[in-house]
Amino acid sequence: MVERTLVLLKSGVLQRRIAGELIRRFERKGFNIIALKLLRMDRALAEAHYGEHRGKDFYEKLLDYICSGPVIAMVLEGEEAIPLVRALTGPTEVLKAPPGTIRGDFAHRTRFNVVHASDSPAAADREIALFFTDEEILPWEDGNARWF
Ligand code: CMP
């Protein structure tokens with residue numbers, strides 16, 4: 001089933017100059033980028049996005065981290081995009097993230113785990129709507145246009 005999912009390349013990705021490498025991995029897998037923006041998340045957006053973690057011991061530091069620098073938000077579309085994108089990111093806990101996954105290759109602290117990806121269709125719908133208006137989402141098909 002074709003799905004849409006929200007991906008955040010978190011604070012620090014731009015400073016580390018790895019944004020292109022991470023986007024390349026999603027493109028290489030075959031997903032369509034159908035929305036993309038650079039933004040600095042404010043506290044209200046961070047609280048809305050991470051509301052399910054309110055009260056956990058890492059919650060405040062998670063908000064500090066995600067608000068500490070610009071992030072790249074993207075909507076990716078493709079077959080089974082939600083589980084497949086999470087397979088590319090690897091598990092949240094960095095000790096469990098195998099080499100070859102984004103977290104396995106680029107993160108060594110769970111708090112600073114480089115990337116966020118929606119974990120269910122309901123989460124994807126909710127998270128996409130937090131970051132993008134309907135007009136900012138531009139689905140496309142390969143078609144037979146000549147691009148080169
Ligand atoms: P993310 O996939 O964006 O969703 C919630 C985030 O909370 C997660 O990535 C981590 O950045 C952070 N997080 C989850 N568990 C922990 C933890 N045990 N310690 C610190 N940060 C965590």
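These notebook entries record what I looked up in a predicted model.

**Conventions.** I number residues from 1 along each chain as its sequence is written, and side-chain values use heavy atoms, without hydrogens or water. Because the model is predicted, local features need pLDDT of at least 70 and side-chain atom pairs count only at pLDDT 80 or more, while totals for chains, interfaces and linings use all residues.

**Largest pocket.** I looked up the largest pocket and found about 420 Å³ of space in it. A pocket is here an open set of points on a 1 Å grid over the protein atoms alone, where a 1.4 Å probe fits, with protein on both sides within 12 Å along at least five of seven lines. The volume is the space filled by probe spheres set on the points. I noted 18 lining residues, with Tyr 50, His 53, Phe 58, Thr 92 and Asn 113 nearest the centre; a lining residue has an atom within 4 Å of a point. Which strand gives the most to this lining? Strand β4 (residues 115-117) does, with three residues; strands are DSSP runs of E of at least two residues, and helices are runs of H or I of at least four. By class I recorded five nonpolar, six polar and seven charged residues in the lining, with Asp, Glu, Lys and Arg counted as charged and Gly among the polar.

**Aromatic pair.** I found one aromatic pair, the rule being ring centres within 6.5 Å. Tyr 65 and Phe 112 stand edge-to-face, 4.9 Å centre to centre with 85 degrees between the planes; planes over 60 degrees apart count as edge-to-face. The partners are 47 residues apart, Tyr 65 in helix α3 (residues 59-66) and Phe 112 in the loop between α5 (102-106) and β4. Tyr 65 is buried at 8% relative accessible area, whereas Phe 112 is partly exposed at 35%. Buried means under 20%, exposed over 50% and partly exposed in between, with a 1.4 Å probe and protein chains only.

**Helix α3.** I listed Tyr 59, Leu 62, Leu 63, Tyr 65 and Ile 66 as its buried residues. They lie on the same side of α3 because their arc around the axis is only 160 degrees; the arc is taken from the directions from the helix axis to the C-beta atoms. Their cover includes α2 (43-49) and β3 (71-79).

**Positive phi.** Most residues other than glycine have a negative phi. I noted Glu 80 at about 50 degrees, in the loop between β3 and α4 (81-89). Val 114 has a positive phi of about 75 degrees and sits in the loop between α5 and β4. Is Val 114 buried or exposed? Val 114 is buried, at 3% relative accessible area, while Glu 80 is partly exposed, at 35%.

Definitions and conventions. Phe/Tyr/Trp six-rings, centres within 6.5 Å; stacked < 30°, edge-to-face > 60°. Contact = heavy atoms within 4.5 Å.
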